[in-house]
Amino acid sequence: MCGIIGYTGNEPAKDILISGLKQLEYRGYDSAGVAVLDPKTGIILKKKTGKVEELAKAAEEETTDATCGIGHTRWATHGGVTETNAHPHRQGSVTLCHNGIIENYKELTTEFGLKNQLKSETDTEVVAALLDKMYEGNPFKAIKKTVDLLAGSFALCIMFDDQPGKIFAIRNVSPMVAASFEGGSIIASDLTAVINYSKKYFVVPEYHVLELSQDGIVVRDLKGRTVEPEMLEVNWDIKSAQKGGYPHYMLKEINEQPEALERTVAPRVQDGLPFLADDGIDDDILKSLQNIVIIACGTAMHAGMVGKSLIETKLRVPVTVEIASEFRYKDPIIDEKTLTIVVSQSGETIDTLEALRLAKQKGSKVLSIVNVKGSTIARESDYVLYTHAGPEIAVASTKAYTVQIAALYIFAARLGLVKGVLSEEDAREFMTKLSGVGAIMEKTIEASNDIRRIANHIKTAPDVFYIGRGIDYTLSLEASLKLKEISYIHSEAYAAGELKHGTIALISENVPVIAIATEEHVYAKVISNVREVKSRGAYVILISQEGKTESKEVCDKQIYIPQVDSTFGVFATAVILQLIAYYTSDAKGLDVDKPRNLAKSVTVE
């Protein structure tokens, strides 16, 4: 949600800010703005609702030599989508951008008598007004006084009129990264806006004040002590975050899944066995655990459900999957014998982060599965299993989802080996099959033309239903979410056996039903359920393994995945379900990569 960019150096700031905001568009936004500090005329502020391109056109009208500025893409929370509510906000001598939510902004407005000077409906402008009230010429002291009063999450990027060439920043929870390079210093909410300038960067530590200048970045804790941040290096280049000839990022990222799986799995195989020592995951924690809690949101939670199915079925270890936003408001039954696994693509998902903190308070060790090195969730976990999906730009997650499943599979294989549930021979066979899923996914992607034709039928439907049993049911939940979020078609997923307990009342003439039947041991049962909906007029699309050919009496269209052990068929099935959602959205002429009302990373509650 929202995007921040700040630059100060020896290059025109306006161009760098606009370029950075374009790199951040995928995060989800409805307005954008930039502010530059011109040495001759002072602050120049431009804000527009709509796309960054509109802001870029407006900014062209301004001629300035400014080499210091900040920019923002806003996703509306407090206040509607207006230019007045767009960031940056200016109060007195202070101009700032803000990601996050200030929970006590109303109380602060009243306590400090700010109401009459506020122009917007935002919590952010309250911070700007408060900071201006606190400012007496020393940015560090003013920032410290201000953040001591704030409740909530925030990433603040600040300019003061009398501090030319300098940007100040501080954060709590909401992510920011920063880097210095030959042309100056840059700060942003996401690496995609930084990587054009430097592959070396650092994650802004919480409650530390940054002072960015042309000469570099100084980091101080709130006691004023200078701190050397931990430097990290990006292991992908900017081309990975570009479309590369594809019409949409989502299609590119679907096609990148075999390579992402290879990057995630290959380093964790040694002598044919699952190997997690290089990730710092000690076998002792696996030996002692008695149960597992997986905590995540949305797509990551659906990956966790696939992991639960595997671990409970193959290893007989009890697993609970919890919605992160609900977990932190209950009294969970976890202790020191519980391993909590948190799953998050960004490593900054606020609900998941707070759930992680609660789990640790309860005495549980925490293993995180994340894609972003140095992210807050990674830093606060006891153990980290990094996925290697590379940048994922489309809002609808695809490759992050399948590498999360792969990571859970590797963890499960190691757990089974350590607990003696899997023999070395079993574990080697498991890892051989897991290592081969990339080739199966590639073969599945080649069948995309059949899926495109199915999407053309679905695109006009007001409702679509997914059904499946066992692990196929968990896949149907993710498939339904994908279709909803990018095609805006109402969709629901049901356990196939539950149809007769009420939900079959929703089936009427020509309603699309996508039935997933890839598991041999329940195949006949699913086909029986398919016959139930078909007899009531449903338009049935059946997904099954090759060799399971059904007649027109059972289904209208059939899509095949290659013959494979059903445990590993999830990866090929996921590809088909992602492509159904993608081609349906594309057929409707929608913005596949940036669906309405959604943001890539949810960093506010």
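This is a predicted model: local features need pLDDT of at least 70, side-chain atom pairs count only at pLDDT 80 or more; totals for chains, interfaces and linings use all residues.
Visitor: Why is helix 13 called roughly antiparallel to helix 19?

Guide: The axes of helix 13 (residues 399-418) and helix 19 (residues 569-587) cross at roughly 165 degrees and come within 11 Å. Angles over 145 degrees count as roughly antiparallel, so helix 13 is roughly antiparallel to helix 19. Their crossing is right-handed.

Visitor: Which residues of helix 13 and helix 19 meet?

Guide: From helix 13 come Tyr-401, Thr-402, Ile-405, Ala-406 and Tyr-409, and from helix 19 come Val-570, Phe-571, Ala-574 and Gln-578. By class, the contact of helix 13 with helix 19 holds seven nonpolar residues, two polar and no charged.

Visitor: What makes helix 16 and helix 19 oblique to each other?

Guide: Helix 16 (residues 448-458) packs on helix 19 at an angle of about 50 degrees, and their axes are 8 Å apart. Roughly parallel needs an angle under 35 degrees, and roughly perpendicular takes 65 to 115. The pair is therefore oblique. Helix 16 crosses helix 19 in a right-handed sense.

Visitor: Which residues make the contact of helix 16 with helix 19?

Guide: Helix 16 supplies Ser-448, Ile-451, Arg-452, Ala-455, Asn-456 and Ile-458, while helix 19 supplies Ile-576, Leu-579, Ile-580, Tyr-583, Thr-584 and Ala-587.

Visitor: How many residues in the contact of helix 16 with helix 19 are nonpolar, polar or charged?

Guide: In that contact, eight residues are nonpolar, three are polar and one is charged. Arg counts as charged, and Arg-452 of helix 16 is one of the contact residues.

Conventions
Residues are numbered from 1 along each chain as its sequence is written. Side-chain values use heavy atoms; hydrogens and water are left out. Axes are lines fitted to C-alpha atoms, for helices over the stretch in contact, and angles run from 0 to 180 degrees between N-to-C directions. Helices (H or I, at least four residues) and strands (E, at least two) are DSSP runs, numbered from the N terminus. A crossing is left-handed if the near helix is turned anticlockwise from the far one by less than a right angle, and right-handed if clockwise. Contact means heavy atoms within 4.5 Å.
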